[in-house]
Amino acid sequence: MEIVGRTRQDRPVHPITDISMTDRVVTRFAPSPTGYLHIGGARTALFNWLYARHTGGRMLLRIEDTDRERSSEAAVTAIIEGLSWLGLEADEPPISQFERAPRHREVAEALVAEGKAYKCFATQAELEEMREKAKAEKRPPRYDGRWRDRDPAEAPEGAPYVIRIRAPQNGETLVRDVVQGDVRFPNRDLDDFVLLRSDGTPTYMHAVVVDDHDMGVTHIVRGDDHLTNAGRQTLIYQAMGWDIPVMAHIPLIHGADGAKLSKRHGALGVEAYREMGYMPKALLNYLARLGWSHGDDEIMSMENMISWFDTADINKGASRFDFAKLNALSGHHIRGSSDEELVETLMVERDHLSNGSILKGRPDAEIREKLTAAMPGLKERAKTLVELCESSAYLFAERPLAVEDAAKALLDGEGRRIVAELTPRLAAASEWTPAALEAVVREFAEAEGLKLGKAAQPLRAALTGRTTSPGVFDVLAVLGREESLARLEDQAV
């Protein structure tokens, strides 16, 4: 997956645009390619995408791949494909943070030249000594500033060094956050943190600021686990004289029990939700409601979300992931989708669904035809595409059907007799329509002194091999006269 190395390469170290003077919002989603696009990342991408669309702006994608040992091309591909499946594509080709390392060094060296950063030659042994002293004195470890005002010429020739920012030592740094409000950081706690490592590579703290500036990012929407970084990043913006983007740090997602989201709660990759059969529009609707709301509206189309979304409405408290609510919402979206959309979606998604093999092995035209005929009954019960696919299995089953144990129980004894007696009556039906077939079965049931369901249940078991299915008369109509009678005859003996 090709990603762009640098943006606006001829932009000088100092800003050439004033963000406050532009009326176009630019957001960004900046994942690390160390694994899949997890569900929390997908929500962050969604919030950035929605705000950009709501304001007529753009969302950009930056792959923060500076950790070369943990980053992988497979993860980059998974992230981009996950965003594409959700419909959250960025408005420009993705940017590689690693490829922009020369620009990061350029900015760090410019800060040194202006006296706003300095070269630090402290050795690892000295740094360890500082940490041990702080630990003994029961205070947070801090760099003691020993090279802050020293002449670099005092260092041994060729000694390795890092570049540290010359942070203010008094007062506080204010971060104005749309979600969290005003957050204040005592400058004594920020210390002279590292911008450039001794091998010339930038720290995350530094690279993020340079990239956001160069990409023209006006609004940063990210998880509140980055809130503590915002104070240090603000110092870099101030040192460079750059405008600070509007920040919105969104609360993380917790499990239904209030604990940190884990795999058992649903902290899975987007591809796992695809395999479980959630439609993108249902998953996005659910994610939008995790930490943001628009009155009492639960069901939202993408058009609704774009129209209504505003970072000012993001909740400050953590939200809880609940599969039961996701399933309920997913079922609503399936029922609200047209039959044609669902058939097309199943055909496209079958390679990704855990049971997608059900929709293979026959000509696509035949599969589409059968799904289209059966869809009105299929979609009423399904909460996911997997369930929808599973409930369609009877359409493509080969005779003789494999019959589930519970269905066998319905057929044993009296059930099999009912099937045997109904088969010729159904064969004689003048019309093969749900209404005509129901009339035949109802007449039989009344003559036998049975409730309609008592006669219909063995039919369902014989026709589908299961105890649950769409309405049995719809099943008969969709299967057609020849196939239906053949299946009934198989079970009538």
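The buried residues of helix 19 are covered by, among others, helix 15 (393-396), helix 16 (405-411), helix 17 (414-427), helix 18 (434-448), helix 20 (472-479) and helix 21 (481-491). This is a predicted model, where local features need pLDDT of at least 70 and side-chain atom pairs count only at pLDDT 80 or more, while totals for chains, interfaces and linings use all residues. Residues are numbered from 1 along each chain as its sequence is written, and side-chain values use heavy atoms, with hydrogens and water left out.

Helices here are DSSP runs of H or I, at least four residues, and strands are runs of E, at least two, numbered from the N terminus. Buried means under 20% relative accessible area, with a 1.4 Å probe and protein chains only. In helix 19 the buried residues include Ala455, Pro458, Leu459 and Leu463. After helix 19 comes Gly465, with a positive phi near 80°.

Next, the cores. A nonpolar core is a set of buried Ala, Val, Leu, Ile, Met, Phe, Trp, Tyr and Cys residues joined through side-chain atoms within 4.5 Å. The largest has 51 residues, and Leu346, Leu371 and Leu426 touch the most other members. Beyond four places in sequence, Leu426 is in contact (heavy atoms within 4.5 Å) with residues including Trp432, Leu437, Leu459 and Leu488. A separate second core of 45 residues includes Leu46, Val221, Tyr273 and Ala288.

Last, the largest pocket. Its lining residues have an atom within 4 Å of a point on a 1 Å grid, in an open set where a 1.4 Å probe fits, with protein on both sides within 12 Å along at least five of seven lines. There are 33 of them, and His38, Gly40, Gly41, Asp225 and His226 lie nearest the centre. Helix 1 gives the largest share of that lining, 5 residues.

Key: Buried means under 20% relative accessible area, exposed over 50%, partly exposed in between (1.4 Å probe, protein chains only).
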